[in-house]
Amino acid sequence: LLYTSFAGGATPSLRPSELADHTGKVSLAGYVVGPVTGDPRGEGMRFRLRDIDGSETVAILYRGSVPDLFRAGREVYMRGELRGAVFVAEPDSLVTKCPSKYAPTGS
């Protein structure tokens, strides 16, 4: 496992604001921005992904299974590549980060 990471075999993890300067397959993380349209089993589901700590967004095209917790505002991760102005995600690579049940409640 360490060899893969040090040897450069790992897929780079980026945010939408870092995509423009990168080519090839990457892991992308961010917040889902609606509206979410389309059919993930057909022509594909479309939405925008925003930087976790910023305002930059990128258009997403995704096909495949959709996690139950997927919705606008949720943090997600996926693999794929930028094609023109659209990030085309690999089928079935969408993962939703679950909200932590251990997060402070403000008490």
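**Exercise 1. Is E18 buried, partly exposed or exposed, and what is its relative accessible area?**

*Solution.* Keep in mind that we're working with a predicted model.

Step 1: look up the value. E18 has a relative accessible area of 31%.

Step 2: hold that against the cut-offs. Buried means under 20% and exposed means over 50%, with partly exposed in between. E18 is therefore partly exposed.

Step 3: check the partner. E18 forms a salt bridge with R15, and the closest N and O atoms are 3.7 Å apart. R15 also comes out as partly exposed, with 31% relative accessibility.

**Exercise 2. Work out which parts of the chain the pair R15 and D53 ties together.**

*Solution.* Step 1: start with the contact itself. R15 makes a salt bridge to D53, with 2.9 Å between the closest N and O atoms.

Step 1: R15 sits in the loop between strand 1 (13–14) and strand 2, while D53 sits in the loop between strand 3 and strand 4, so the pair ties together parts that are 38 residues apart in sequence.

Step 2: check how open D53 is. Its relative accessibility is 59%, so D53 counts as exposed.

**Exercise 3. Find where E90 and R79 lie, and which network of salt bridges they belong to.**

*Solution.* Step 1: get the distance. E90 and R79 form a salt bridge, their closest N and O atoms being 3.1 Å apart.

Step 1: locate the ends. E90 is in the loop between strand 6 and strand 7 (95–96) and R79 is in strand 5, eleven residues apart, and the pair links distant parts of the chain.

Step 2: widen the view. K25, R79, E81, R83 and E90 are linked in a network of salt bridges. The salt bridge count comes to seven.

**Exercise 4. Sketch how strand 4 is paired with strand 3 and with strand 6.**

*Solution.* The protein has one helix and seven strands, and along the sequence they read α-β-β-β-β-β-β-β.

Step 1: draw strand 3 beside strand 4. They run antiparallel and are joined by six bridges. A hairpin of six residues connects strand 3 to strand 4.

Step 2: Strand 4 and strand 6 run parallel, with three bridges between them. Here A59 has V86 in strand 6 as its bridge partner.

**Exercise 5. Name the residues that touch the most other members of the largest nonpolar core, then trace the contacts of F47.**

*Solution.* Step 1: pick out the residues. The largest nonpolar core has 17 residues, and L28, F47, L49, I60, M78 and F87 touch the most other members.

Step 1: ask who supplies the core. Strand 2 (26–39), strand 3 (44–50), strand 4 (57–62), strand 5 (75–83) and strand 6 (86–89) each give at least two residues to this core.

Step 2: follow F47. Leaving out residues up to four places away in sequence, F47 touches V32, V33, P35, V36, V58, A59, I60, Y62, F70 and M78.

Step 3: zoom out to the whole protein. Of its 107 residues, 29% count as buried. Among contacts with a separation of 6 or more, 45% come from residues 24 or more positions apart. The accessible surface is about 6900 Å², and carbon and sulfur atoms account for 53% of that surface.

Key:
Residues numbered from 1 in each chain as written. Predicted model: local features only at pLDDT ≥ 70, side-chain atom pairs only at ≥ 80, totals over all residues. Heavy atoms only, no water. Core = buried A, V, L, I, M, F, W, Y, C linked by side-chain atoms within 4.5 Å. Buried < 20%, exposed > 50% of the residue type's maximum accessible area, 1.4 Å probe, protein only. Helix = DSSP H or I, 4+ residues; strand = E, 2+ residues; numbered from the N terminus. Contact = heavy atoms within 4.5 Å. Pairing = 2+ DSSP bridges. Areas by Shrake-Rupley, 256 points an atom, 1.4 Å probe, with all protein chains shown as cover. Salt bridge = Lys/Arg side-chain N within 4 Å of Asp/Glu carboxyl O.
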